[in-house]
Amino acid sequence: MGRERPADCFQGSIMLTSIADGIMCCLMGKTTNAVGPVDSVESSDGYSFLEVKPGRVLRVKHTLPTRQSKEGPEEGPEWGVVHCKRKITLYRNGQLVIENLGDAIRSELLHCQNGPVEPQSTMELELSDVAGNACTQGTAANPGSSAQQAPAPGKRRKRKPKKVVNIDCKKQISSCKGTQSDVVLFFIHGVGGSLDIWKEQLDFFSKLGYEVVAPDLAGHGSSSAPQIAAAYTFYALAEDMRAVFKRYAKKRNILIGHSYGVSFCTFLAHEYPDLVHKVIMINGGGPTALEPSLCSIFNMPTCVLHCLSPCLAWSFLKAGFARQGAKEKQLLKEGNVFNVSSFVLRAMMSGQYWPEGDEVYHAELTVPVLLVHGMHDKFVPVEEDQRMAEILLLAFLKVIDEGSHMVMMECPETVNTLLHEFLLWEPETPAGEGREVEKK
């Protein structure tokens, strides 16, 4: 793809100003352009400010439906109750064996490329390679059989497992409509973004009658930005999202995350399995534990990053969008994307440490998950989302050919339709079948 020149002298002046500010930062030891704390916590025009901790305030977009709504899903003969039963065994050599013993999900969802893992099957996976071994995994063609690379049952019994997790529960998965007042949609953005990246989705679903909630992460958008790196660790941000979730959650909650925001959705789904009804992961990557890279450019001093911020923003435009025209530049501006201080950006990247969020952690989830991937994404390879679909119990993968990392901004109509169909989806497995499987 050809190299584009700056449209006018304004971009050049921004770069010169950024370099000058960076030099002042190095000389004086001060961080420039830091987002200050929010003084007011009053609601205004659908925005409210939630104090999750003393002095730590998040901007939240909370839209209540204007139409008359009704409580709860439509009554039926226990339709949509799924028996979630699987055995997860992790061996000391890093081998992961997943045995699915529960109900079949017969309905085909949204004509997705990858459906859920077959019931009563066994998968054998290697944890040492996230993407490379994705193609070597197998799903049994017949119920009760094992993957092609699985060793003989006798040899497997001789190995001593490091960890064994047994899941045996029933989940009622129902259609979530905008006319039902017990449904809330939560939208969580990733590093460098803001709640404004969800503008098209928030408008679309609020018009359909859904209650929607979208926070700005700390240091992003109009949320307060503490000048301490510990404020931006995964655990600190996860607790912020827990506070937002507990403030607005109802009976059936749907979590929609993008990029790094997917990790917070996974955390909440694991912590509140009875409250999280469905999860949507947009370009979230593979089911691996988070660990910051030691060779990342974001390990450079804050003042150097500030000097490089125009280059970083341009690199993000090139990698985050399938096209780099005037429309995409305008989307970046309107979405308030990559408009965070260098200190926050550095702290966010170095704070991505979450060893608990490994493949076993993801395999324990029993909530239905829709994975959306932009085919031109240069940050997250499609193999990582494929790996995620194979690990999760009830997962569906949809690849959008025209999109990239910011697919919800590039292809809003396609993404909105896809998300809405998933909200309305319910499995075609009646509760009776689940009881029959349990008796066998």
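Me: In which way do α4 and α5 lie to each other?
Reply: In this model, which is predicted, α4 and helix α5 (residues 261-271) pack at an angle of about 60°, with their axes 10 Å apart. An angle of 65 to 115 degrees would count as roughly perpendicular, under 35 as roughly parallel and over 145 as roughly antiparallel, and the rest count as oblique. The relation of α4 to α5 is therefore oblique.

Me: By class, how many residues does the contact of α4 with α5 have?
Reply: The two helices, α4 and α5, cross in a right-handed way. On the side of α4, the residues that make the contact are Phe234, Leu237, Ala238, Glu239, Met241, Arg242 and Phe245, and on the side of α5 they are Ser263, Phe264, Phe267, Leu268 and Glu271. Sorted by class, this contact of α4 with α5 has eight nonpolar, one polar and three charged residues.

Me: Is the crossing of α3 and α12 left-handed or right-handed?
Reply: Helix α3 (residues 199-207) and helix α12 (residues 412-424) pack with their axes 10 Å apart and at an angle of about 45°, and they are therefore oblique to each other. As for its hand, the crossing of α3 and α12 is right-handed.

Me: Into how many nonpolar, polar and charged residues does the contact of α3 with α12 divide?
Reply: Helix α3 brings Glu200, Gln201, Phe204 and Phe205 to the contact, while α12 brings Pro412, Val415, Asn416, Leu419, His420 and Leu423. Taken by class, the residues of the contact of α3 with α12 are six nonpolar, three polar and one charged.

Me: Which are the edge strands of the sheet?
Reply: The open sheet has eight strands in the order β1-β2-β8-β7-β9-β10-β11-β12, and its pairing is mixed. An edge strand pairs on one side only, and this holds for two strands, β1 (47-53) and β12 (395-400).

Me: Which residue stands opposite Ile188?
Reply: Strand β7 (residues 183-188) and strand β9 (residues 252-258) pair in the parallel sense, over six bridges. Ile188 has as its opposite residue in β9 Gly257.

Me: What angle does the direction of helix α10 make with that of β11?
Reply: Two helices that pack on the sheet can be taken in turn, and helix α4 (residues 234-248) touches β1, β2 (56-63), β7, β8 (211-215), β9 and β10 (276-282), with its direction at about 40° to that of β2. Helix α10 (residues 382-391) also packs on the sheet, where it touches β10, β11 (369-374) and β12, and its direction makes with that of β11 an angle of about 170°.

Me: How many residues apart in sequence are the parts that Phe186 and Phe245 tie together?
Reply: A search of the whole structure finds 15 aromatic pairs. The rings of Phe186 and Phe245 have their centres 5.3 Å apart and their planes at 45°, so this pair counts as tilted. Because Phe186 lies in strand β7 and Phe245 in helix α4, the pair ties together parts whose separation in sequence, in residues, is 59.

Me: In which loop is the place of Asn283?
Reply: Most residues other than glycine have a negative phi. Ser259, in the loop between β9 and α5, has a positive phi of about 55° although it is not a glycine. Asn283 likewise has a positive phi, near 50°, and its place is in the loop between β10 and α6 (302-320).

How values were computed
Residues are numbered from 1 along each chain as its sequence is written. This is a predicted model: local features need pLDDT of at least 70, side-chain atom pairs count only at pLDDT 80 or more; totals for chains, interfaces and linings use all residues. Side-chain values use heavy atoms; hydrogens and water are left out. Two strands pair if DSSP finds at least two bridges between them. Helices (H or I, at least four residues) and strands (E, at least two) are DSSP runs, numbered from the N terminus. Contact means heavy atoms within 4.5 Å. Axes are lines fitted to C-alpha atoms, for helices over the stretch in contact, and angles run from 0 to 180 degrees between N-to-C directions. A crossing is left-handed if the near helix is turned anticlockwise from the far one by less than a right angle, and right-handed if clockwise. Ala, Val, Leu, Ile, Met, Phe, Trp, Tyr, Cys and Pro count as nonpolar, Asp, Glu, Lys and Arg as charged, and the others, Gly among them, as polar. Rings of Phe, Tyr and Trp (its six-membered ring) pair if their centres lie within 6.5 Å; planes under 30 degrees apart count as stacked, over 60 as edge-to-face and the rest as tilted.
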